Amino acid sequence: MKLKEFEGKQLLESSNILVSKGILVTNTFEPFEGEKVLKVQTLAGGRGKAGGIKVVNFEEAQELTTKFLNKEFLNETITEILLDEKIEISHEYYLGIMFDTSKRKPILIFSEEGGVNIGDVRKNFPEKVIIKEIDYLKGIDSNITTNLKIQEIITKLYDCFVKNDCRMIEINPLVETPEGKFVAVDCVAVLDDDARYRWPIQFEERTDNRKSTKREITAHDIDRNDHRGVAGKTFIDLDGDIAILTSGGGATMTLMDALIQFGGKPANFTEYSGNPPQEKVEALTRIVLDKENLSGLLVAGVVANFTNIYKTLQGVLNVLIEKKPKFPIVIRRAGPHDEEAKEALMKAKEEHSLDIHYFDENTAMTEAAKIMVELSEKYKKEK
């Protein structure tokens, strides 16, 4: 999960790093004297160049708040604006820690050139950038800088990185004031979603650059306390009318692309894999079908090696029997116990008047997607 600036600063404060003080605005705000730094709270980069950071007085803040709040900015609907205190600057530094997946350890990056893109500094002035690998057992090297105050902040930032399960966290800029204080005036942080259960601060879930829907949150909860296979860890609500249940990440992308290519509109993006138990697939199916005005359900995936096709599809079938949808259901599955699954599905089709169309590995996944779109269009015309 990527955090917004005001959320990242909460992490810094929890490790006793001094941050610039701001007022978080979601609608109206009290008059103030002097100047503040208005900062649009977005997950996108480049907000400064796009006009999302301005030094303002009260009247200007009112005008810009009206301009930005609940409007699109950098492809994101803005719901918060930070009116930050204006800090006097003597010098700006860059400080960041990120986990390097190739080295399997954290990497510290420090530069005496802050307030600008660190990538540009590394390219143009490599001698001004210090990069250090961090040994988890030994912790932070005490010889990174001769400035003891910055060294203390580096140690605190590493503490923040570890205790909050960060994938990366950066302060840019870390400002030195004329009085010799060091203040973090901006923060970018990305947390490890798999460690959510132990985060000290439970930030509100979001999907991409928006808050997660109730269905997304409920789907994510399926896997949270049950690690038997995967069901619902990835779930994105979409605005289409064909519900999707796929198996395998590659299969999911193939099916989504095919569905759209043939003119269909997916209602969600999700998958189950790794032989999840029947009850987890059932829970995910119930969420997938808990949407109004659906015109079809596509259940598909590659030929399974270890997933029990009968048990997982029984989880789907239990919900279909319960809800008895009138729309068409296209199932393209093959693997262990697939004949048992087909027999159970065909029996339920007759007994509960379900419009089930079952295909095995002899039908391509893309063909199954095409059939789904055709049946969906026919269903909508006959409603």
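I took helices (H or I, at least four residues) and strands (E, at least two) as DSSP runs, numbered from the N terminus. I am working on a predicted model, in which local features need pLDDT of at least 70 and side-chain atom pairs count only at pLDDT 80 or more, while totals for chains, interfaces and linings use all residues. Residues are numbered from 1 along each chain as its sequence is written, and side-chain values use heavy atoms, with hydrogens and water left out.

**Pockets.** I searched a 1 Å grid over the protein atoms alone, where a pocket is an open set of points that a 1.4 Å probe fits, with protein on both sides within 12 Å along at least five of seven lines, and where lining residues have an atom within 4 Å of a point. Points are joined across faces, edges and corners, and a volume is the space filled by probe spheres set on them.

I looked up the second largest pocket, which holds about 790 Å³; among its 24 lining residues, D193, D194, H220, R224 and K233 come closest to the centre. At least two lining residues come from each of β14 (206–207), α5 (214–224) and β16 (230–237), and β16 has the largest share, with five. I sorted this lining into six nonpolar, six polar and twelve charged residues, counting Ala, Val, Leu, Ile, Met, Phe, Trp, Tyr, Cys and Pro as nonpolar, Asp, Glu, Lys and Arg as charged, and the others, Gly among them, as polar.

For the largest pocket I noted about 1,000 Å³ of space, with R47, I53, G115, N172 and D186 closest to the centre out of 36 lining residues. Here β11 gives the most to the lining, four residues, and the classes are 16 nonpolar, seven polar and 13 charged.

**Helix packing.** I then followed α5 to helix α7 (residues 278–288), and found the two packed at about 175 degrees with their axes 10 Å apart. That makes α5 roughly antiparallel to α7, the term for angles over 145 degrees; axes are lines fitted to C-alpha atoms over the stretch in contact, and angles run from 0 to 180 degrees between N-to-C directions. With contact meaning heavy atoms within 4.5 Å, I listed R215, T218, A219, I222 and D223 of α5 against K280, A283, L284, I287 and V288 of α7. This contact has six nonpolar, one polar and three charged residues.

Terms used
Angles under 35 degrees count as roughly parallel, over 145 as roughly antiparallel, 65 to 115 as roughly perpendicular and the rest as oblique.
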